[in-house]
Amino acid sequence: MANIKKVLRRIKDCMPSAYTSPRDENLFIIKNLVPKDVDWTFYPTLVEIYTWLDLIIQQHPKIVTGFQIGRSYEGRLIRGIKISFKRGKKSIFVESNIHPREWITSVTATYIIKELLSSKNPDVRKMAESLDWYIIPVLNVDGFVYSHEKDRMWKKSRRPVNAKCVGIDLNRNFNFQWGGETFDPSSMQYAGPHPESEPEVKQLIDFIDNGIPRGNIAIYVALHAPAQCILCPWTHTKVPPKNYKEMIFVAKAFASALRMRYGTKYKCGSSAKILRQFTGGSKDWAYAVKGIPITFTIELPGKGTKSRFKLPSKKILPVGKELLDGFVGMIEAVKKLGYI
């Protein structure tokens, strides 16, 4: 009975606070009563990810701590975990699936969590234990569930903007250089009515401001897909930031380490130069407002598929293994710079 209650509680954490009908609510509960075990052979749902996080916390109580930053517009819980092997370490903050259709990001985040805790590779062990790790596998929980149930290619949040339009691009809603993006609510890049207008963004910022000691975060990573590159600030201008050379040194170390396994090549540079210019992104906010010295967007692969956001499930493990290798190279380079 206790287990059933726990399962139901976790399912309800993944449900909106108000369903349109009792029938829809009951169908969601029934569908998720027996979640599949996360094994990196398929793309898990929010319930499956959260059930897996519960298991990880239970298995590693002295190392792993669960946290929640709040609830989404629709009322779903936004969860993360902290991995800490020793006190007094600097930290790395990883946020994932701010864009719902980028499913490869959250499942890869869970793979990284698994390896940080269980890998026997001495390089991975050294990396894992040299930092505290804060990881949020799914930030845009409403959009993520919607992408699983209704529209696989959904990108925004699920807050209604007007009678015809729903959603804000959460990675345009941070309070740095906000306002250069589109103000058209029908656009997939709609930045919101004002910076930090969205609860998911505001609660992430509040957690970093109040839940982590000031100056403790040395590295901020936003996982995205599918451009296959590692991007540093800036996004709003092609003028490089002050420590651009340092960040490119780290980016190249990441790309070089990642390439060793399968020969996959990641581009390195600023977002504005490699992709496109926009404003209000999390990476630039972390660098400019929070003063985090090393901040990146890591765009995972999507090449060679009809829709680059629909990477075949057989690619999950290879992408996860490569990303782990890249993190090893990244952390070692950041150590050489003296930030950790």
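I started at Glu299, whose side chain reaches the backbone nitrogen of Ala227 at 3.0 Å. I count a polar contact as a pair of N or O atoms within 3.5 Å; within protein, one must be able to donate a hydrogen and the other to accept it, and residues adjacent in sequence count only if both atoms are side-chain atoms.

Ground rules: this is a predicted model, where local features need pLDDT of at least 70, side-chain atom pairs count only at pLDDT 80 or more, and totals for chains, interfaces and linings use all residues. Residues are numbered from 1 along each chain as its sequence is written, and side-chain values use heavy atoms, with hydrogens and water left out.

I checked the record: an unreviewed UniProt entry lists Glu299 under "active site", an annotation that may be inferred rather than shown by experiment. Glu299 lies in strand β8 (residues 294-301); strands are DSSP runs of E, at least two residues, and helices runs of H or I, at least four, numbered from the N terminus.

Buried or exposed? Glu299 is buried at 9% relative accessible area (buried is under 20%, exposed over 50%, partly exposed in between, with a 1.4 Å probe and protein chains only).

Next I looked up α4 (residues 103-118): its 16 residues reach 23 Å from first C-alpha to last, close to the 22 Å expected (1.5 Å times one less than the number of residues). Of those 16 residues, 14 are buried.

Last, the hairpin. β1 (residues 64-71) and β2 (residues 77-83) pair antiparallel over seven bridges; pairing takes at least two DSSP bridges. Gly66 stands opposite Ile81 in β2. Five residues sit between the strands, and Gly75 takes a positive phi near 105 degrees.
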